[in-house]
Number of protein chains: 2
Amino acid sequence: MADTNDLFNKEVFGKRNFDALDRIYTTDARILPPGAPMISGRSAIKEFWSGMIQSANAKSAVLESIDVIATGDGAVEIGRATLTLEPNAQMEVKYVVYWKNEDGRWKWHIDIWNANS
Amino acid sequence: MADTNDLFNKEVFGKRNFDALDRIYTTDARILPPGAPMISGRSAIKEFWSGMIQSANAKSAVLESIDVIATGDGAVEIGRATLTLEPNAQMEVKYVVYWKNEDGRWKWHIDIWNANS
């Protein structure tokens with residue numbers, strides 16, 4: 001989990017390597033972003049993050065797990081994230097992710113977040 | 001689930017019967033509302049909904065399940081909600097709820113939502 005969260009920060013946000021999202025989201029993952037309808041499927045999710053990160057000129061997304069509940073064949077994580085946008089803005093976000101194993105790797109299957117203020 | 005979602009709409013929003021939340025949330029549930037920090041524990045959650053419903057003069061919250069994934073000892077639900085506020089405003093919301101069985105009843109253990117626009 002720490003590895004995946006780190007990948008999201010350093011590869012996706014840091015290096016804008018959007019193909020790293022293949023290792024983060026399941027093929028049929030869904031994200032529920034604030035201010036937009038739900039987005040289904042990894043290719044649409046890749047478009048979302050690519051557009052969002054480039055338009056906001058985002059630099060990093062540091063994720064921190066607050067709690068993880070193991071379920072039968074997955075896990076529910078509550079966490080917080082600090083997003084850094086250029087030139088000099090930070091945003092505090094909290095999230096819930098439902099993790100699922102896909103091809104031997106734990107990935108985000110459902111991902112929803114909102115801002116703290 | 002349909003029964004609990006209905007209770008939230010008709011009792012909590014419709015009749016402002018906040019004690020009905022005892023049948024909706026687990027004792028140690030957590031909610032992650034947009035624009036505020038996470039709130040832990042049913043008594044704090046009851047205060048949140050009581051304050052929110054009264055200050056927004058909310059009338060109803062019609063919940064509709066989009067998908068339910070059964071996990072080991074719980075379930076993850078994705079849904080949408082239409083909130084009606086007085087005098088004449090509607091708000092479209094999407095949510096993820098992690099359901100857990102408490103005392104023989106299925107309840108919301110983690111509840112996070114955000115607006116569609």
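Reader: B:P34: buried, partly exposed or exposed?
Author: Partly exposed, because 17 other C-beta atoms lie within 10 Å. A residue needs 20 or more to be buried, and 12 or fewer to be exposed. Keep in mind that this is a predicted model.

Reader: Where is B:P34 placed?
Author: In the loop between β1 and β2 (39-40) of chain B.

Reader: What is B:P34 in contact with, leaving aside neighbours within four places in sequence?
Author: Residues from both chains. In chain A, B:P34 contacts A:P34, A:N114 and A:A115. In chain B, the partners are B:W113, B:N114 and B:A115.

Reader: And how far apart in space are B:P34 and B:A44?
Author: 16 Å, C-alpha to C-alpha. They are ten residues apart in sequence.

Reader: Let's do the interface. How many residues of chain B are in contact with chain A?
Author: 22 residues of chain B, in contact with 22 residues of chain A.

Reader: Which elements give two or more residues to that side of chain B?
Author: Four strands of chain B: β1 (25-32), β4 (74-85), β5 (89-102) and β6 (105-115).

Reader: Which of them gives the largest share?
Author: β6(B), with four residues.

Reader: How do the residues on that side of chain B divide into nonpolar, polar and charged?
Author: Twelve are nonpolar, seven are polar and three are charged.

Reader: Symmetry next. What rotation superposes chain B on chain A?
Author: 180 degrees, with 0.0 Å of shift along the axis. The RMSD is 0.0 Å. The two copies are therefore related as by a two-fold rotation axis.

Reader: How much of the contact surface of chain B recurs in chain A?
Author: 100% of the contact residues recur, and the same surface serves both copies.

Reader: Which residue of chain B comes closest to the rotation axis?
Author: B:G72, with its C-alpha at 1.7 Å.

Reader: Switch to the chain A fold. How many helices and strands?
Author: Two helices and six strands. Along the sequence, the pattern of chain A is α-β-β-α-β-β-β-β.

Reader: What is its radius of gyration, and what would a compact globule have?
Author: Chain A has 13 Å. A compact globule of 117 residues would have a value near 13 Å, so the two agree. The C-alpha atoms fill a box of roughly 45 × 25 × 25 Å along the principal axes.

Reader: What share of chain A is buried?
Author: 32% of its 117 residues.

Reader: And what share of contacts joins residues 24 or more positions apart?
Author: 41%, taken over the contacts in chain A with a separation of 6 or more.

Reader: Now α2(A). What span should it have, and what does it have?
Author: This helix covers residues 42-55 of chain A. Its 14 residues should span 20 Å at 1.5 Å a residue. The end C-alpha atoms are 20 Å apart, so that agrees.

Reader: Which residues of α2(A) are buried?
Author: A:R42, A:I45 and A:W49. Seen down the axis of α2(A), they fall within an arc of 55 degrees, so they line one face of the helix.

Reader: What do the buried residues of α2(A) pack against?
Author: α1 (2-14), β1 (25-32) and β2 (39-40) of chain A.

Reader: What is on the face of α2(A) turned away from its buried side?
Author: The exposed residues A:S43, A:G51, A:Q54 and A:S55.

Reader: What follows α2(A)?
Author: A:N57, with a positive phi near 50 degrees.

Reader: Is A:T27 buried or exposed?
Author: Exposed, because A:T27 has 12 C-beta neighbours inside 10 Å. Its C-alpha is 8.3 Å from that of A:H109, 82 residues apart along the chain.

Reader: Last one: α1(B). Which residues are buried there?
Author: B:N5, B:F8, B:V12 and B:F13. The buried residues of α1(B) pack against α2 (42-55) and β3 (58-70) of chain B.

Reader: What about the span of α1(B)?
Author: Its 14 residues, 2-15, should span 20 Å. The end C-alpha atoms are 18 Å apart, which agrees. Just after this helix, B:R16 takes a positive phi of about 55 degrees.

How values were computed:
Residues numbered from 1 in each chain as written. Chains lettered and ligands numbered in written order. Predicted model: local features only at pLDDT ≥ 70, side-chain atom pairs only at ≥ 80, totals over all residues. Contact = placed C-beta atoms within 7 Å. Nonpolar A, V, L, I, M, F, W, Y, C, P; charged D, E, K, R; others polar. Rg over C-alpha atoms; globule rule 2.2 N^0.38 Å. Expected span 1.5 Å × (residues − 1). Arc of directions from axis to C-beta. Least-squares fit on C-alpha atoms with pLDDT ≥ 70 in both.
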